[in-house]
Amino acid sequence: MPASSHLDRFDLDIVLRDASCDMNLQPVRRAIAALCIGVSVDDAYLSVRELREAVSLVHENAPGGRAKLAGILSTQCDDFQRAIYYCLAGRGVVEMAEAMDWLLTLLKARGRIAAWLSRSRVRRKDLVSPYVAEAPDGPLVSASPDFELGRSWFVERGPEAY
C-alpha cells in the first residue's frame, strides 16, 4: 500500500494533542502543548521563540529585556504569547525556560513535518484556530518596562529575595 494513502490528511497537531493528554508530563507542559493546538505552524514556533528570548533577556538582566517582555505581554493582537507566559508565570524562571525549550522542540519538529508534507504534496488536515474572535478581548498588561519581578524570578524564594 502506498505511503500516501496512510498520510492522506495528516494531522500536524497529533503530537501536541498527545502531549496535552500525557499524564507522564508535568501539568504545565501539558497545558502549554494544548495552547498550541490549532495555532499556525510558523506563528506558534516564532511566538514561543520570541517569548523565550525575552524571558532569557530579563533573567540575564540584559538592557531592554524588561521592555521587550512588557512589549510582548501588552501587544494588542497577541493573546497566544500571553497565554503561554501566564501558564508558566510564577513557577520560577528556570522551569519557565525549560518548559518553553521543550515546547520549542515540539514546535520545530512540527514545522519540519509541515515542510516535508508540503514538498511531498501530501495533504494535511486544516488547523482549526482555537480563537473565536479576531482580536483579544481581555485586559492587557501595561507596556511599562519598569514592572516589578515577582519572587519566582529569583533562586531564593524567601521575602528578602526581591
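User: What makes a residue count as partly exposed, and where does E50 fall?

Analyst: Partly exposed means a relative accessible area between the buried limit, under 20%, and the exposed limit, over 50%. This is a predicted model. E50 has a relative accessible area of 31%, so E50 is partly exposed.

User: What makes K68 and E50 a salt bridge?

Analyst: The cut-off is a Lys or Arg side-chain nitrogen within 4 Å of an Asp or Glu carboxyl oxygen. K68 and E50 are 4.0 Å apart, N to O. K68 lies in helix α5 (residues 65-73) and E50 in helix α4, so the pair ties together parts that are 18 residues apart in sequence.

User: Why is K68 called partly exposed?

Analyst: K68 has a relative accessible area of 31%. Buried needs under 20% and exposed needs over 50%.

User: Why do R49 and E53 count as a salt bridge?

Analyst: Their side chains meet at 3.9 Å, N to O. The limit is within 4 Å, so the pair qualifies.

User: How many residues apart are R49 and E53 in helix α4?

Analyst: R49 and E53 are 4 residues apart in helix α4 (residues 41-59). About one helical turn separates them.

User: How do you know whether R49 and E53 are buried, partly exposed or exposed?

Analyst: Set each value against the limits. R49 has a relative accessible area of 36%. E53 has 40% relative accessibility. Buried is under 20% and exposed is over 50%, so R49 and E53 each count as partly exposed.

User: What makes D11 and R17 a salt bridge?

Analyst: D11 and R17 meet through their side chains at 3.1 Å, N to O. That is within 4 Å, so the name applies. The structure holds 6 salt bridges, this one among them.

User: Which residues form an aromatic pair, and why does the pair get its geometry label?

Analyst: The whole structure has 1 aromatic pair. Y85 and Y86 form it, 5.1 Å centre to centre. Ring centres must lie within 6.5 Å, so Y85 and Y86 pair. Their planes stand at 85°. Over 60 degrees counts as edge-to-face, so that is the label.

How values were computed
Residues numbered from 1 in each chain as written. Predicted model: local features only at pLDDT ≥ 70, side-chain atom pairs only at ≥ 80, totals over all residues. Heavy atoms only, no water. Helix = DSSP H or I, 4+ residues; strand = E, 2+ residues; numbered from the N terminus. Buried < 20%, exposed > 50% of the residue type's maximum accessible area, 1.4 Å probe, protein only. Phe/Tyr/Trp six-rings, centres within 6.5 Å; stacked < 30°, edge-to-face > 60°.
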